[in-house]
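The following note concerns the interfaces of the structure shown below.

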Amino acid sequence: MTERGTLAARTAPAVGNLPGSLSASRSAARRTGPGRSARARALRDWWPYYAMMAPGLIFFAVFHYLPIWEARLAFQDVRIIPPNIWVGLKHFEVLLGSAVFWQVFANTLIISAMKIAFVFPVPILVALLLNEVRSGPLRKSIQSAIYLPHFLSWVVIAGIFIAALSPSDGVANEVRGFMGLEPRSYMTDHGSIRWVLVFSEIWRSAGWDRLLYLAAILAIDPQLYDAAEMDGATRWQKMRFVTLPGIAPTIATLFILNAGMFLSADLNQVINLSNDAVRSQIDIIDTYVYRIGLQTGEFSLATSAGLFKGILGMILIVAAHTLSKRLTGKGVW
Amino acid sequence: MILAGDIPDLIYFQGGDAKIAEQGVLEDLRPWIENSEFLKDALYPHNVDRLANYPYLLYVFPVRNPQPVMRADWFERTGLPAPQTVEDYVTLLSTVAQGDYDGDGQANTLGLTSAETTAELDAIFNQAFGVTATWMPTPEGVINARVSPQERDKLAFCGSLREQGLLDPEYITTKWDVKEDKFYSGRVGMILGSSAEVVDIYGGKMQQVHPGTELVLFDPPQGPAGRGLAAVDVSNESRGFAISALSEHKEEAFAVLDFMASPEGQMMDRMGFAGTQYVIRDGKIEVTDAIATWYARFMVTANWTPPVQWLSPAAQQHLANVSTYYVADNAFVWPPEFAADLDATTNVYREWVYKFVSGEASMDQWDEYVAAWNAAGGDRLTAHAREVLDASN
């Protein structure tokens, strides 16, 4: 018997006992044959679940699938009075023909790579470390403290970082002063500003993002830890050989999803933390398109940039998925 | 709404109108205004100039041109007369910076700050240093003011202010709210307000922090090349009312605009409602405290004077100055294909402005900056500007 068949045999009696269950519906469908009546009955039996699913489906349809069709604007000149004019690759030529665009593209790649390298592992590390904290109140206090920044807007976070990094009275430079170092204007320094983006992202998201890993850790069978303990494993070894492999599928999935968002280096964050002194270092595709596309009403240009990002994001997802399948045997589909 | 094809009769734009206007969807307002009962007399000179260049938007408001304000009590303590020249400004700012007027025991007050860019400083120092327009005449043809010798002199002056501790070195990370906070808390002696209403907002907030404290507004300084407020861009209105060219109710839509410009409309628009924003006692109008929160103000016409003056003397001076020092700029509307060049050159300019003002770059590197500006698209902009401005001259 196949694995699927075994699972079905194990679950069938239990499911079959549920009133209005799926198996009952399927039996009814078999009796009446496939068709409208079977679907109608399934809908009648399961309507609360469909109703709960509907908002999510509508959200994705309106905000994620409908825009795919509207991406045709990238190949058209938008007319208030229809029809739009088909212009082929004109907007892509404008976008890719600008010398600034490639600088902006490079900034996007660098900042995104820095975030993947330095931001992505932090929630994993935090989850692993917090899992080792034995004191319940201490763990809860730390958890509360580190996920609160997630609820702050980037406007507020930018205000906090600008104040904290001020060369005249910021706490960071106070610390440098205690260490006998000269003040440094982190917010206007070309060498520092990208790190400000990385650290502010960690500060804001590490506490919240580690919830997914924490959930994955909690799903690990406790018997594995018991067995490891009986084998004389230390806490470090349990973390290394039980916890980390246990959450590897979650890490792989989130890494692949992050790869898809690789070119979205966070418009809100960059706009709020940017200033004229460092714009050449942190101007990303999103901020560039916001300025020359959306603010000037050049919607086709903005759409072409969005499509460009989307296609590259799709390529990155497929590449990361394929790589993950080869290395770990797991992917997102 | 507009992009979906549902075009209202009367539209208020705050950007995004150019793409719509170029498709012929917005009505040319000039003939309507010419035949109007009230609007034709309600416009400011800059409205007339802007309508001549871009006849689709109408924004009847005084020019927004920042002007400097200071606490009146601090100014009195300096014992100095109102500054008339660039040197007077330096003396005043130095006296404030060294005076410890905030009483914290340290001479740590900065003279002047600006929000994020030096644009506010340009308003009072452009004319003083000879930056008289966006496109400056030279024997070879016009050049952009941002790469002109006059701009270099102005930035050198701003750099010297920063070096003397008179200009906030952190202006670039100072957002508008932080700018105000620095002013009210005494960390900065002088800031610039963009309009009469903004000056009174500063005054109101200052009163909350330091009761009884009034603000004083100063005229722009006489400099080596002249005096005045920055030239006003009259290429188009950046915001305002438009009427759909496809509307079946154009007359009704325009009647609304004309009514707003009428004495009755202005009374309602600027004074609010009898019994709430003002009361009538013995035949005289008295404003209530609620007038401070009244902000309909769709139009502030040039030819209507409110029956009661509630603006502070500083705010009234602001209004008088924008009229006295009004000079039209020669900036023009750019075709969309220059959007990337405009963006790139602006970024280069602002980055180098900070380098010069902060001391990160020496003024000896001016030619390096000009080369970077030209390489970022400045060459193309200059060539196009010469075509446009030569054709119009």
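1. Between domain 1 of chain B and domain 2 of chain B there are 0 salt bridges, a salt bridge being a side-chain nitrogen of Lys or Arg within 4 Å of a carboxyl oxygen of Asp or Glu. The same interface has 4 residue pairs in polar contact, both residues at pLDDT 80 or more; a polar contact is a pair of N or O atoms within 3.5 Å, where within protein one must be able to donate a hydrogen and the other to accept it, and residues adjacent in sequence count only if both atoms are side-chain atoms.

2. This is a predicted model, in which local features need pLDDT of at least 70 and side-chain atom pairs count only at pLDDT 80 or more, whereas totals for chains, interfaces and linings use all residues. Residues are numbered from 1 along each chain as its sequence is written, chains are lettered from A in the order in which they are written, and side-chain values use heavy atoms, without hydrogens and water.

3. The two domains of chain B bury about 620 Å² between them, 58% of it on carbon and sulfur atoms (accessible area, 1.4 Å probe, lost on putting two parts together and summed over both). Of the area that domain 1 of chain B buries against domain 2 of chain B, 77% comes from B:Y295, B:H318 and B:N321.

4. Chain B and chain A bury about 2300 Å². B:Q23, B:E170 and B:E351 supply 24% of what chain B buries there.

5. The count of salt bridges between chain B and chain A is 2. B:D343 forms a salt bridge with A:R291, with the closest N and O atoms 2.5 Å apart.
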